[in-house]
Amino acid sequence: MIDQGLERRSAAVTEMPDELRHDVRLLGKLLGQVLAEQGGEDLLADVERLRKAVIAARKGEISADEITAMVAAWEIERAVEVARAFTCYFHLANLAEEHYRIRTLRERDAEGRVQRESLAQAVHELGHERVAELLPELELHPVLTAHPTEARRRAVVTAIQRVSGQLTEYNTPGRGASERADNKRRMLEEIDLLWRTAQLRSTKLDPLDEVRTAMAAFDETLFRMVPQVYRSLDAALDERTGTRPPQARPFIRYGSWIGGDRDGNPNVTSRVTRETIQIQSEHVLNALETACTRIGRTLTASAQLAPCSPDLKSALTAAVDAYPEVVSELATRSPREPHRQWLLFVAARIGATRRRDLDLAYRAPAELLADLLLAQESLAAVAPRQAYGELQHLIWQVETFGFHLAELEVRQHSQVHAAALEEIEAGGELSERTEEVLATIRAIGWIQERYGVPACSRYVVSFTRSAADVSAVYELARHALGARAPVLDVVPLFESGQDLANSPHVLTGMLDIPQVRERLADNGRRMEIMLGYSDSAKELGPAAATLRLYEAQEELTAWAAAHDVKLRMFHGRGGALGRGGGPANRAVLAQAPGSVAGRFKVTEQGEVIFARYGHIAIARRHLEQVANAVLLASSPTVGARTAAAAERFRGLAEQVASASEQAYRSLTEAPGFPEWFGLVSPLEEIGTLRLGSRPARRGLGAPRSLDDLRAIPWVFAWAQTRVNLPGWYGLGTGLASVGSLDELRAAYTEWPLFNAMLDNAEMSLAKTDRSIAKRYLALGGREDFARQVLEEYDRTRDLVLRVTGHSRLLENRKVLSRAVQLRDPYVDALSHLQLRALRALRTGTPSEQERERLSTLLLLSVNGVAAGLQNTG
């Protein structure tokens with residue numbers, strides 16, 4: 001089927017590893033078999049015709065117009081089936097690449113060498129003493145968000161996971177022929193089901209659906225992976241790990257906006273927020289109970305060979321007195337095994353906590369931790385491996401996740417708070433929106449009473465313009481609960497260019513707010529702010545936004561030092577390059593000196609959650625890379641080197657930022673641009689994909705300006721057109737404004753920020769296809785806009801290659817280059833199908849029935865292109 005002829009594909013195929021080629025061929029062949037069985041040989045033939053045609057077009061053997069004619073000749077139903085086939089192929093190709101990545105990680109680990117960008121490498125480079133000094137302040141804080149960037153249905157994801165399980169078993173060494181035959185049969189069965197599973201959601205997600213989807217990442221990956229990361233650091237610090245008290249302390253804290261972010265999403269209510277924390281608690285308590293039960297059952301050391309400490313013996317006696325039925329039963333099942341009895345008793349108490357059995361339940365995680373440490377201290381004296389092995393993992397899990405799993409953060413727009421206060425101060429009946437604002441604060445208070453302050457205390461204020469926007473939240477809390485107002489850390493979010501420039505002034509004003517001064521006194525003068533990448537990039541363009549954000553970080557770092565504040569910057573990055581995405585570890589190293597200081601907090605959005613946390617080996621590697629970067633970025637040596645480069649190239653950066661912003665605004669602020677963008681892209685249709693619970697835009701109707709449009713559909717729609725404009729537009733003009741190519745090359749070599757900015761743009765340019773993009777841009781009927789976009793693309797591509805010294809895009813990124821080259825022709829196939837539907841919807845007069853069929857084709861192709869590019873918003 002689609003895999004046939006892959007070996008004939010130029011350099012990308014030559015570089016394709018045998019194991020990856022084998023899996024792609026196998027999965028493609030099985031998909032072809034399913035297509036023939038379910039759609040007939042004629043469907044398979046049509047898929048093959050299109051596949052061969054797009055490959056031939058890339059070789060210049062046929063024209064794109066011939067492909068347009070071929071696709072136009074099909075009935076819409078056949079075009080839909082072909083789109084589904086290519087989408088299924090991409091799901092399977094992505095799966096094969098994931099398996100290859102996991103195998104590669106394991107092979108590197110088996111070599112016994114220190115892996116690049118690992119915790120062990122950071123310890124090796126910085127030295128044990130320096131890392132030990134950084135550990136008390138080290139903190140990684142990923143925040144899961146519900147931004148609608150995961151185009152796949154959960155049913156599709158789970159179907160792919162079942163195929164993955166069978167592929168893993170099929171490739172396991174030592175399996176017999178009959179076992180492999182059965183795995184192959186099961187793979188065929190699961191691919192058949194994947195083909196039959198609807199790719200599009202029939203109903204819109206609600207916020208609690210999003211919460212439950214995120215819980216799958218916790219259940220399948222996060223809970224087990226986190227202690228492995230700590231163990232990796234502990235082993236790097238001292239190879240005797242597992243036999244002595246750990247040197248590594250838990251430094252990962254998860255947060256979540258899912259069920260808490262109500263900015264522009266009326267579906268997130270106070271009831272949803274309460275139910276969210278209950279769902280999170282149910283999952284983490286269930287995981288802790290299961291782990292404690294497993295460890296307790298295996299801890300069969302007898303009292304004779306591992307006698308318990310006097311403290312543990314006294315605790316067991318007290319437990320018998322307080323809960324005779326529970327402990328007596330355990331003693332009967334585990335005679336003369338005191339540590340086993342104790343841990344199974346602890347597991348019973350965790351279960352009671354989950355069930356809200358208040359007589360037996362723990363009141364707080366600290367009580368559970370104390371009981372586990374009691375067992376650890378007893379074992380440490382007689383069986384240290386039992387004390388610091390799996391039991392230590394459980395202790396780390398409790399310290400990391402508590403009883404709430406992830407801190408639930410609330411976000412709301414500053415204008416909503418201002419309107420609510422105005423209503424309250426005016427007196428009279430309050431609107432439903434204002435009542436909901438007050439109910440949200442009461443929900444925070446309820447969460448803190450039930451789960452503790454760490455479960456929910458951060459309140460993010462979107463579009464913070466002044467300290468009054470922060471003060472408004474504290475004032476609303478007073479109106480909601482009076483003297484019983486919850487503990488709040490109000491986090492200002494700076495998003496626009498003007499807001500970023502004004503941010504130090506806002507922070508100075510915050511120091512005059514009594515509640516802020518009180519929090520600073522209580523928490524060691526720690527303050528958090530948030531920097532928004534998405535909206536600043538949408539407003540200023542990618543290059544100007546990157547450089548303005550860096551400048552803001554420098555100023556904020558200086559402000560914090562002058563005011564004796566430990567400032568943590570929360571980075572609101574998206575998954576896509578146009579929203580601040582890209583390799584997270586490189587992003588850390590590109591931060592302004594002093595702005596990291598051992599702490600890094602960042603959003604993990606949509607498809608990124610499953611890409612980074614869908615498999616334990618990949619998740620562990622991701623967090624090790626970020627932790628490595630945080631440690632290195634916090635080193636004075638690295639900071640001094642980065643500061644020197646930033647100072648040297650400050651003038652160059654200002655020139656690039658100014659020219660690139662001017663070029664970007666000349667396009668996006670031109671009269672008629674929003675309407676043109678709506679015509680050349682599937683922007684309107686993306687809003688009907690039911691990706692998430694949040695509306696795609698602010699307000700109703702077609703966007704009158706970019707301010708009406710959220711950053712996610714802005715990036716998503718441009719990716720579909722194969723233009724990827726938010727990732728590179730304006731950069732070429734910015735680079736061209738610098739007279740010296742040598743200076744640009746020096747900045748690329750010496751300054752991590754400039755290096756990361758150009759490399760990210762190069763990745764975005766590599767996913768751009770000029771010839772396909774030109775066909776989309778022509779749909780808008782504005783030749784001037786189309787010419788402006790394509791000229792800037794040519795300029796940017798040329799200058800990025802000249803500055804980096806590459807002869808082709810991604811020349812130094814073989815793995816990524818191979819993935820892009822292999823996918824491009826198949827994405828072309830879906831783009832041609834999408835263009836057929838888009839052209840008919842934009843320029844034709846289809847009947848209502850035909851419009852519905854065309855919309856189905858369009859949305860299926862959107863889903864498939866997202867899978868092929870592995871990128872939405």
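Tutor: Let's begin with asparagine 724, which lies in the loop between helix 32 (711-720) and helix 33 (731-736). Helices (H or I, at least four residues) and strands (E, at least two) are DSSP runs, numbered from the N terminus. Residues are numbered from 1 along each chain as its sequence is written, and side-chain values use heavy atoms, with hydrogens and water left out. This is a predicted model, where local features need pLDDT of at least 70 and side-chain atom pairs count only at pLDDT 80 or more, while totals for chains, interfaces and linings use all residues.

Asparagine 724 has a phi near 55°, a positive value in a residue other than glycine. With a relative accessible area of 10%, asparagine 724 is buried. Buried means under 20% relative accessible area, exposed over 50%, and partly exposed in between (1.4 Å probe, protein chains only).

Now look at arginine 336, in the loop between helix 13 (324-333) and helix 14 (338-355). Its phi is near 55°, again a positive value in a residue other than glycine. Arginine 336, however, is exposed, with a relative accessible area of 64%.

Aspartate 828 sits in helix 38 (residues 814-843) and is buried, with a relative accessible area of 5%. Setting aside neighbours within four places in sequence, aspartate 828 is in contact (heavy atoms within 4.5 Å) with Val54, Arg58, Arg722, Asp769 and Ile772. Alanine 786 belongs to helix 37 (residues 783-804) and is buried at a relative accessible area of 11%. Not counting residues up to four places away in sequence, alanine 786 touches Trp676 and Leu777.

How do two helices meet? Helix 6 (residues 119-126) packs with helix 10 (residues 207-237) at an angle of about 30°, their axes 8 Å apart. Axes are lines fitted to C-alpha atoms, for helices over the stretch in contact, and angles run from 0 to 180 degrees between N-to-C directions. That makes helix 6 roughly parallel to helix 10; angles under 35 degrees count as roughly parallel, over 145 as roughly antiparallel, 65 to 115 as roughly perpendicular and the rest as oblique. In this contact, Leu119, Ala120 and Val123 of helix 6 meet Val229, Ser232, Leu233, Ala236 and Leu237 of helix 10. The residues of this contact are seven nonpolar, one polar and no charged. Here Ala, Val, Leu, Ile, Met, Phe, Trp, Tyr, Cys and Pro count as nonpolar, Asp, Glu, Lys and Arg as charged, and the others, Gly among them, as polar.

Finally, the strands. Six of the seven residues of strand 1 (residues 139-145) are buried, so strand 1 is largely enclosed by the rest of the structure. Strand 1 pairs in the parallel sense with strand 9 (residues 599-605) over seven bridges, and pairing needs at least two bridges found by DSSP between two strands. Strand 1 also runs parallel to strand 2 (residues 255-256), joined by two bridges. Leucine 144 stands opposite glutamate 604 in strand 9 and opposite serine 256 in strand 2.

In a regular strand the side chains alternate between the two faces of the sheet. Strand 4 (residues 410-413) is covered on both faces, with Val410 and Gln412 buried on one side and Arg411 and His413 buried on the other. Strand 4 pairs with strand 5 (residues 458-462) in the parallel sense over four bridges, and there histidine 413 stands opposite serine 462.
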